[in-house]
Amino acid sequence: MRKLTGAVFVSLDGVMQAPGDPEEDPTSDFRLGGWVAPHWDAEMGPFEDVIMGEYDLLLGKRTYDIFAAYWPYNQDNPIGEKFQRINKYVLTHSDEPLTWENSHRLSGDTAEAVAELKRSEGRDLLIQGSSTLYQPLLSARSIDRLMLTTFPVVLGAGKRIFDGSEEPGALKLVDHFVSPKGVTINVYEPAGDVPTGTFATKEPSEAELERREKWTREEA
């Protein structure tokens with residue numbers, strides 16, 4: 001069974017759109033592209049270990065198009081050379097040909113297509129970019145490791161990793177790192193259902209019971 005890692009660059013408010021360049025993805029009038037570069041550091045801890053490891057890419061079509069227009073023309077970069085030779089699995093409903101070598105089309109339900117891919121033989125899988133993949137794959141608990149590289153910016157608008165449609169689930173922290181420029185990298189693995197509890201040490205007061213009843217009526 002292949003393992004799937006999602007490695008995401010996010011702002012403090014969860015935006016992941018166009019981290020690399022102002023022209024990367026200006027859709028929906030997004031004007032703050034390139035917000036990662038000023039905070040990048042020579043030491044990026046767990047991200048370096050992941051990006052230089054062995055994997056195949058799992059991409060949404062928009063991220064695939066961005067990568068296919070950039071990385072084949074940057075073969076002097078070790079990442080470009082790696083991306084060129086590995087498999088690129090692309091989830092798309094489009095009939096456009098995938099012209100980048102070693103590219104493979106996946107179609108149908110996202111969670112089902114990825115589950116089938118994970119059952120196949122091959123290298124582990126890495127998601128880069130591809131904001132549309134996270135909600136269905138997190139809900140299906142198909143992501144074995146989630147690496148959130150969080151940059152100290154608030155962007156206000158843009159494509160987000162979490163849009164409120166994902167199913168609840170708990171995560172456990174398995175690694176962490178803070179760069180000299182204040183970038184935090186937290187690596188999580190799934191940990192089942194969300195546990196809940198209470199700090200209450202006494203029975204609820206009459207005021208608290210009234211509050212609960214009032215809020216219940218307001219929600220009805």
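In this predicted model, phenylalanine 151 has a relative accessibility of 0% and counts as buried. Buried means under 20% relative accessible area. Tryptophan 35 is buried too, with a relative accessible area of 5%.

These two residues form an aromatic pair. A pair of aromatic rings is described by the distance of the centres and the angle of the planes. Tryptophan 35 lies in the loop between strand 1 (4-11) and helix 1 (46-51), and phenylalanine 151 lies in strand 6 (residues 145-151), so the pair ties together parts that are 116 residues apart in sequence. Ring pairs also link both residues into a cluster with Phe9, Trp40 and Phe47. The count of aromatic pairs comes to ten.

Another edge-to-face pair joins tryptophan 71 and phenylalanine 83, with ring centres 5.5 Å apart and planes at 80 degrees. Tryptophan 71 sits in the loop between helix 2 (61-68) and helix 3 (78-85), while phenylalanine 83 belongs to helix 3, so this pair ties together parts twelve residues apart in sequence. Both residues are buried.

Charged side chains also meet aromatic rings. The charged end of lysine 88 sits over the ring of tryptophan 100, 4.3 Å from its centre. Arginine 211 lies over the face of tryptophan 215, at 4.6 Å from the ring centre.

Strand 7 (residues 171-178) and strand 8 (residues 184-190) run antiparallel and are joined by seven bridges. Histidine 176 has asparagine 186 of strand 8 as its bridge partner. Five residues separate the strands in this hairpin, where glycine 182 takes a positive phi near 90 degrees.

Definitions and conventions: Residues are numbered from 1 along each chain as its sequence is written. This is a predicted model: local features need pLDDT of at least 70, side-chain atom pairs count only at pLDDT 80 or more; totals for chains, interfaces and linings use all residues. Side-chain values use heavy atoms; hydrogens and water are left out. Two strands pair if DSSP finds at least two bridges between them. Helices (H or I, at least four residues) and strands (E, at least two) are DSSP runs, numbered from the N terminus. Rings of Phe, Tyr and Trp (its six-membered ring) pair if their centres lie within 6.5 Å; planes under 30 degrees apart count as stacked, over 60 as edge-to-face and the rest as tilted. Buried means under 20% relative accessible area, exposed over 50%, partly exposed in between (1.4 Å probe, protein chains only). A charge sits over a ring if NZ of Lys or CZ of Arg is within 6 Å of the ring centre and within 35 degrees of the ring normal.
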